[in-house]
Structures are given as structure tokens and as C-alpha cells.
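Please open the structure in your viewer and keep the selection tool at hand. This tour moves from one selection to the next and says what can be found at each stop.

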Amino acid sequence: MDAEDRDTGEPLTRRPEHQGTFSLDGLTPLPGLAWLIRVRSQSDELVDVQNDLESPGFTTIDLKLNQDLGDSLRLFGGVNNLTDKQRNFDNASDFGPVSGRYIYAGVTLGFGKPL
């Protein structure tokens, strides 16, 4: 994106030049086991035109596994922000991810209809 103010010609703030998300999911040879991977990437973005301040770019990767055990029970686990990229809270111009790496696991139990 090359965003600019039409009246002044100045670049717009908080508009990264490049930004993208890629997701891919699929099944494994094991019955009921599925996976998901998501990659999000963003280039530097202008934060303050007058002082030429930029927020640094970043890339994050999320991974998730789901294991269905019957029609009503699912186990899941994953890692969000595998790259552990987190904003520098000492830098007011850094608008990167708030949370670093996050590992989780859980169970979903459905009642009445299959998951």
C-alpha cells in the first residue's frame, strides 16, 4: 500500500507498505488429526510524519493441532507467535504484536450435535 493524503501529498500514518497473511490447513494420515499454520507479516509503518518515526516490521507464525476423539470430543493445542516477536514497550512508536509466544492446550466437548 502506498497511502497518501490527497490534499497534502504527505504519507498516511499507520499504513504499512506491505502486509499479508497466509493460512494453510490439512489432515494427517492419523484419523481425526488436523493441523493449521498461519503466517502474518507486515513491513515497517510510518507512525509520525513530522518526526519520521516508524514502527518496525514483524512476522508471526501460529501452529495448531486438533484431534477429534469421537463425535463430541476434541483435543487441541498450539503455539501462537512462534517467532516470539513482541513490541518494545519502551518505544511508543512500536506497534508490533502485544503478546509474545503463547502455548496453549484444551478440550472441546459438544452436546447434542457433532463438532
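Begin by selecting Leu 69, which is partly exposed with a relative accessible area of 42%, where partly exposed covers the range between buried, under 20% relative accessible area, and exposed, over 50% (1.4 Å probe, protein chains only). What you have on screen is a predicted model, in which local features need pLDDT of at least 70 and side-chain atom pairs count only at pLDDT 80 or more, while totals for chains, interfaces and linings use all residues. Residues are numbered from 1 along each chain as its sequence is written, and side-chain values use heavy atoms, with hydrogens and water left out.

Leu 69 lies in the loop between E5 and strand E6 (73-80); strands (E, at least two residues) and helices (H or I, at least four) are DSSP runs, numbered from the N terminus. Patches are made of residues with over 30% relative accessible area and no salt bridge, and nonpolar side chains (Val, Leu, Ile, Met, Phe, Trp, Tyr) are joined within 5 Å, like charges within 9 Å.

**The negative patch**

Next, select Asp 2, Glu 4, Glu 10 and Glu 17, which form a negative surface patch. Asp and Glu count as negative and Lys and Arg as positive, while His and the chain ends are not counted; the place of a charge is taken as CG of Asp, CD of Glu, NZ of Lys or CZ of Arg. Stay with Asp 2 for a moment: it sits in the segment before E1, and it counts as exposed because its relative accessibility is 74%.

Then move on to Glu 10, which is found in the segment before strand E1 (19-27) and is partly exposed, with a relative accessible area of 39%. Which residues does Glu 10 contact, leaving aside its neighbours within four places in sequence? They are Glu 4, Asp 5 and Val 49, contact being defined as heavy atoms within 4.5 Å. If you also select Gln 50, you can compare two kinds of separation, for Glu 10 and Gln 50 are 40 residues apart in sequence and 9.9 Å apart in space, C-alpha to C-alpha.

**Three salt bridges**

A search of the whole structure finds three salt bridges, a salt bridge being a side-chain nitrogen of Lys or Arg within 4 Å of a carboxyl oxygen of Asp or Glu. Select Arg 14 and Glu 45, whose side chains meet in one of them at 3.0 Å, N to O. This pair links distant parts of the chain, with Arg 14 in the segment before E1 and Glu 45 in strand E3 (residues 45-48), 31 residues apart. Arg 14 is partly exposed at 41% relative accessible area, whereas Glu 45 counts as buried at 4%. Look at the backbone of Arg 14 as well, which has a positive phi of about 60° although this residue is not a glycine.

Select Asp 62 and Arg 38 next, where the side chains meet in a salt bridge of 3.4 Å, N to O. Asp 62 lies in strand E5 and Arg 38 in strand E2 (residues 33-42), so the pair ties together parts that are 24 residues apart in sequence. Is Asp 62 buried or exposed? Asp 62 counts as buried, because its relative accessibility is 14%, while Arg 38 counts as partly exposed at 35%.

Finally, select Asp 68 and Arg 74, whose side chains meet in a salt bridge of 2.6 Å, N to O. Both count as partly exposed, Asp 68 at 30% relative accessibility and Arg 74 at 24%.

**Around strand E5**

Return to Asp 62 and show its surroundings: not counting residues up to four places away in sequence, Asp 62 touches Leu 36, Ile 37, Arg 38, Val 79, Asn 80 and Asn 81. Then select Thr 60, which is placed in strand E5 (residues 58-68) and is buried, with a relative accessible area of 10%.

End the tour at Asn 81, found in the loop between E6 and strand E7 (102-109). Asn 81 counts as buried at 5% relative accessibility, and Asn 81 has a positive phi of about 60° although it is not a glycine.

Notes:
Accessible areas come from the Shrake-Rupley method with a 1.4 Å probe; for residues, only the protein chains shown count as cover.
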